[in-house]
Amino acid sequence: MSTRTPDRRTDATSSRREHTRSGPSRWSHCRKRGVDGSMRTDEHERTDEHERTEGRHSSFTTPESSGPVSRCAASSDWGSQVEDNEMRRDLHRDLQRYRRRILAADGPHRERKASSGSSGSCDSKEEESLETDEGVLLRRQKQISYGKNTLAYDRYIREVPKHLRQPGIHPKTPNKFRKYSRRSWDQQIKLWRVKLHAWDPPTDNGTQEDNEEQLDLGDIMDIELDFPTLAEPGPQAAHAGVMEDPEGTGTPVKVQRMDAAAASDVV
Amino acid sequence: MENSTDEYRFQSFDPDTQMLLKTALKDPSSVDLEKVSNIIVDQSLKDQVFSKEAGRICYTIVQAEAKQSDGNVFRRNLLNRLQREFKDREDMRARSIHEWVCYVTFICNIFDYLKVNNMPMVALVHPVYDCMMRLAQPDALKNEEEVDCLVLQLHRIGEQLEKANSQRMDQLFFLLRDGFLLQEGLTSMTRLLLLEILEFRAGGWMLSSTANKYYYSEISD
């Protein structure tokens, strides 16, 4: 009994290792940069090189890092130290800019408040609910950077200029300066990144991700209607496959075809 | 019209490497930046004249990469290679004083040129001080090559170093004073260099006109 557990554990880890070595993950082609941070121009060449030289596939680590390192080791790396320092300075600069923006927005609201006597505008409250903890801001900025360092984000911002963005449909970068609980923030990031996946570049198996229409109900309905016809016997069923319904009339073309064939048989 | 890349003294490289470096300056994302950073470091460890120039080249590539692709690949590779050499500096010095001196010249040059938001890179402050302290040790003071390197770098970046960490500068100068006063067997050239740097710092990182006359008027004559 006791000998079985270690075996299972090693089996699990070795199979996990094999799985990670088996090749680029589904999302490696979406990364703008490879493991060493360089831009991916020819993604496939690069992933092969990395596998040969580094012994792990390129999507194993987050985009900009040079590899899986413990936090202590990462901070003693001069390259990372300088980058972190730079990020900290950028954060402070962003914070000052954000503060100024809020205070500027406050002005007109205050005047309106005095004249109309309306209840407190939310902008003056923004100043009090500012997130200023450097550690938190750094972490949030890193999470945002990971999301922005994707081909999907690149394609998104090129396709949809800011003034044409519609709330709800188009992903919006979470505001790192607002006070949120850790869970709330992590969830916002998760949802934001999921939404961004709609702009992923097409994969090699030819399944093109359609940017304009995400999976809408019409598609689902068509697929479900196809299944019952597969149960019908006959060579026609095997060859028909799943037909696309370009006109969206709702009736699968396959069914029509088979009806015609059946009709001809009867004759 | 002078080609700006000529300023960088690429003549010591073979034509292919020259092409690579010139491309790196203009179109960084099209080249293997890790390879470029290694080429530059390797040459800097051999050629002291080049190691004085290399900071400028590196700065240009870093700026070009940041502008072109918002990337940091070159800088990261450069710094981490510098860090690896730094870890093995004792072995390097035992192997070749010349290479060690080139390394110190190079890292100080990088410290001088590669600023982040117009501030020197904090990560390099302690390593540079460590190098300076090593050069101020009794065994190093016996070599004119090392003393020469020490005072030259202090002239170039001493003021910035002191601003970054004045305590360590004080410690360094304790060593230099002790060396000047107490160490036997130093050449007169070495003692001259040490005295000059002591006066230089005491004068707020510049020489008074009289001191300048004392140390340098003979050369101009």
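Contact here means heavy atoms within 4.5 Å. The structure is a predicted model, in which local features need pLDDT of at least 70 and side-chain atom pairs count only at pLDDT 80 or more, while totals for chains, interfaces and linings use all residues. Residues are numbered from 1 along each chain as its sequence is written, chains are lettered from A and ligands numbered from 1 in the order in which they are written, and side-chain values use heavy atoms, with hydrogens and water left out.

Chain A contains eleven helices and zero strands. Helices (H or I, at least four residues) and strands (E, at least two) are DSSP runs, numbered from the N terminus. Along the sequence, the pattern of chain A reads α-α-α-α-α-α-α-α-α-α-α. Chain A has 267 residues, and 28% of them count as buried. Buried means under 20% relative accessible area, exposed over 50%, and partly exposed in between (1.4 Å probe, protein chains only). Contacts in chain A between residues at least 6 apart in sequence were also examined; 65% of these join residues at least 24 apart.

One residue of chain A illustrates the packing of a helix. A:Q141 sits in helix α6 (residues 134-148) of chain A. Its relative accessibility is 15%, so A:Q141 counts as buried. Apart from residues up to four places away in sequence, A:Q141 touches A:M87, A:L91 and A:K176.

The interface between the chains comes next. Chain B contributes 22 residues to the contact and chain A contributes 17 residues. About 1,700 Å² is buried between chain B and chain A, and carbon and sulfur atoms give 55% of this area. Buried area is the accessible area (1.4 Å probe) that two parts lose on being put together, summed over both. On the side of chain B, the residues that lose the most area to chain A are B:R76, B:Q83 and B:A123; together they account for 32% of what that side buries.

Two salt bridges are counted between chain B and chain A. A salt bridge is a side-chain nitrogen of Lys or Arg within 4 Å of a carboxyl oxygen of Asp or Glu. B:R76 forms a salt bridge with A:E83, and the closest N and O atoms are 2.9 Å apart. Six residue pairs are in polar contact across the interface of chain B and chain A (both at pLDDT 80 or more). A polar contact is a pair of N or O atoms within 3.5 Å; within protein, one must be able to donate a hydrogen and the other to accept it, and residues adjacent in sequence count only if both atoms are side-chain atoms.

Three helices of chain B, α4 (73-87), α6 (97-113) and α7 (122-135), each supply at least two residues of the side that touches chain A. With eight residues, α4(B) gives the most to that side. By class, the side of chain B that touches chain A has 13 nonpolar, six polar and three charged residues. Ala, Val, Leu, Ile, Met, Phe, Trp, Tyr, Cys and Pro count as nonpolar, Asp, Glu, Lys and Arg as charged, and the others, Gly among them, as polar.

Within chain B, B:E146 was examined in detail. B:E146 belongs to helix α9 (residues 144-164) of chain B. B:E146 is buried, with a relative accessible area of 0%. The side chains of B:E146 and B:R93 are joined by a polar contact of 2.9 Å. Another polar contact, of 3.0 Å, links the side chain of B:E146 to the side chain of B:W100. Neighbours within four places in sequence aside, B:E146 is in contact with B:R93, B:I97, B:W100, B:V101, B:L135 and B:A140.

A disulfide is a pair of cysteine sulfur atoms within 2.5 Å. B:C108 is in no disulfide, and the nearest cysteine sulfur, that of B:C149, is 6.6 Å away. This separation is too far for a bond. B:C108 is buried at a relative accessible area of 1%, and B:C149 also counts as buried, at 1% relative accessibility.

Backbone angles complete the description. Most residues other than glycine have a negative phi. B:D70 has a positive phi, near 55 degrees. B:D70 is in the loop between α3 (48-69) and α4 of chain B, and counts as exposed at 63% relative accessibility. B:W205 also has a positive phi, near 65 degrees. B:W205 lies in the loop between α11 (188-202) and α12 (209-220) of chain B. At 9% relative accessibility, B:W205 counts as buried.
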